[in-house]
Amino acid sequence: MSETFYDALIIGGGPGGSAAATYLAQAGKRVLVLEKEHFPRFHIGESLLPYNEMIFREIGVLPKLEAAGFTRKYGAQFHLGNSSKALKLTFKNGCFTREPMAFQVDRARFDEILLDHARESGAEVREGWTVSRYSQDAGRVSVESSSDSGIKETFHGSFLIDASGRANFTGNQENLRVIHPHLKKIAIFGHFAGVKMDEGSKAGDIIIVRLESKWFWLIPISPEKVSIGCVIDQHEFATMKLSPAEAFERVWKSSAEMRDRMGGATLINSIQTTSDFSYYNRRLFGPRLVRIGDAAGFMDPIFSAGVYLAMYSGRMAAHLIVDSLADGSDGQKRMAAYEKRVFRAMQYYWELVEQFYTTPFMELFMEPRNRLQIPDAIVAILAGELEGGWKLDWRRKLFFLLVKAQAKWPIVPRISFSPTARARNRSGEVCERT
């Protein structure tokens, strides 16, 4: 049994856990990270948001990320699958967006850099340790854990941060997970060479290709490697009765936009799948416990918010623990405020994800009209602006009211996902949001 008493125990060494550990260690706190895997390890989710940069600067890891040579991402593109319409966004040109650039990353290397930085900042990191149980009593938390070499140990601390990702360790132990009834998806993905991507300043853009009931991501991890994935309804995939590789090929070949980009592509690794169920936990805190990142909730990755929300919530969790240690409290009032802020941030993206699968949303989104700076507000939120206050909130709410109106009375032209729509607009209409 460990005799060391920690200020904070953290389950999971992904971006959220690493960020929380770094903030705590740099504040002089004794922190232990228990990570079940050994880094580097493969992970999907390679596209980051511009507002990650703020956190990278705060914890001092930005120079290491810049030195790693990750692809620079200055914008995002949305294309209809039939190539009839496209929207190209540039982050720096939105008047509410404070951060102009993000990274596209190889997650194995990126996550390793973050975890090593937490270790170098003073956090104790144990890789290959799996937590099996946690408990709380007498003003402390305890976790039972075992190493992959068979060593068992119980660790004690003042606070516990659950950064276990979609494993959702404490949320599952307390039966808190609520799955979104209409977002039961599966992601089929792989890494490819020879994919046709844009050149110049758009070379690092994430490209989203929207089909009628599913979508593709294309993320340029390097000039030679592009991550491509298809997010499809689980039931639709099951009715295909095809292997993941066969289903992936059938879907991309049904899209003019994807055929154009995949014509000379070759698979580098293998086609993989992961469940893509959107969910949240009913509570994000408990006695001396706070949940961050995907252990708070996970949503469809269409807007690439996962890593940012993990680090954003990790930063808040670390600050509330530092403040609670300073005044000797159990942190419950601060955790209640934390839960409210995180739920609010999740709701911003949750609403966007839900609406993304509707045609009226796509019609308005793909045809931005610069009235009342509504498009700028949406671009700022997509970049990670969660502290914009009322000037963003009323524009966001008005946008969704317009989406409802678009369903009944067309404010902008209708769009079609039909493969024949391309024939009616052979040039492909491109809207540059600059």
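Helices in these views are DSSP runs of H or I, at least four residues in length, and they are numbered from the N terminus. Welcome to the close-ups; please keep in mind that the model is predicted.

**View 1. Asp393 in helix 13.** Asp393 is found in helix 13, which covers residues 390-408. Is Asp393 buried or exposed? Its relative accessibility is 11%, and buried means under 20%, so Asp393 counts as buried. Setting aside residues up to four places away in sequence, Asp393 touches Arg344 and Tyr348.

**View 2. Helix 1 crossing helix 2.** Here helix 1 (residues 15-26) meets helix 2 (residues 52-59), with axes that come within 10 Å and cross at roughly 35°. The crossing of helix 1 past helix 2 is left-handed. Which residues of the two helices meet? Helix 1 brings Thr22, Tyr23 and Gln26, while helix 2 brings Ile55, Glu58 and Ile59. By type, the residues of this contact divide into three nonpolar, two polar and one charged.

**View 3. Strand 4 and its two partners.** Why is strand 4 (residues 75-80) described as largely enclosed by the rest of the structure? Six of its six residues are buried, so the rest of the structure largely encloses strand 4. Gly75, Gln77 and His79 point one way from the strand, whereas Ala76, Phe78 and Leu80 point the other way, and all are buried. Strand 5 (residues 85-90) runs antiparallel to strand 4 and is joined to it by five bridges. Within that pairing, Ala76 has Leu89 of strand 5 as its bridge partner. Four residues separate the two strands of this hairpin, and in the turn Ser83 has a positive phi of about 65°. Strand 12 (residues 206-210) also pairs with strand 4, in the parallel sense and over five bridges. For His79, the bridge partner in strand 12 is Val209.

**View 4. Two nonpolar cores.** The largest nonpolar core holds 104 residues, and Phe56, Tyr349 and Phe361 are those with the most contacts inside it. Which helix gives the most to this core? That is helix 10 (residues 332-356), with eleven residues. Take a look at Phe56: leaving aside neighbours within four places in sequence, its contacts are Leu48, Val61, Leu62, Leu65, Phe103, Phe110, Leu114 and Met311. A second core, separate and with 22 residues, includes Ile188, Val226, Ile232 and Met258.

**View 5. Glu112 in helix 4.** Glu112 lies in helix 4, residues 107-120. With a relative accessible area of 18%, Glu112 is buried, because the cut-off for buried is under 20%. Which residues does Glu112 touch, not counting those up to four places away in sequence? They are Phe39, Pro40 and Arg107.

**View 6. Met240 in helix 6.** Met240 has its place in helix 6, which spans residues 234-240. The relative accessible area of Met240 is 15%, so this residue is buried. Not counting residues up to four places away in sequence, Met240 touches Ile232, Ala247 and Val251.

Note on methods
Residues are numbered from 1 along each chain as its sequence is written. This is a predicted model: local features need pLDDT of at least 70, side-chain atom pairs count only at pLDDT 80 or more; totals for chains, interfaces and linings use all residues. Side-chain values use heavy atoms; hydrogens and water are left out. Axes are lines fitted to C-alpha atoms, for helices over the stretch in contact, and angles run from 0 to 180 degrees between N-to-C directions. A crossing is left-handed if the near helix is turned anticlockwise from the far one by less than a right angle, and right-handed if clockwise. Contact means heavy atoms within 4.5 Å. Ala, Val, Leu, Ile, Met, Phe, Trp, Tyr, Cys and Pro count as nonpolar, Asp, Glu, Lys and Arg as charged, and the others, Gly among them, as polar. Buried means under 20% relative accessible area, exposed over 50%, partly exposed in between (1.4 Å probe, protein chains only). Two strands pair if DSSP finds at least two bridges between them. A nonpolar core is a set of buried Ala, Val, Leu, Ile, Met, Phe, Trp, Tyr and Cys residues joined through side-chain atoms within 4.5 Å.
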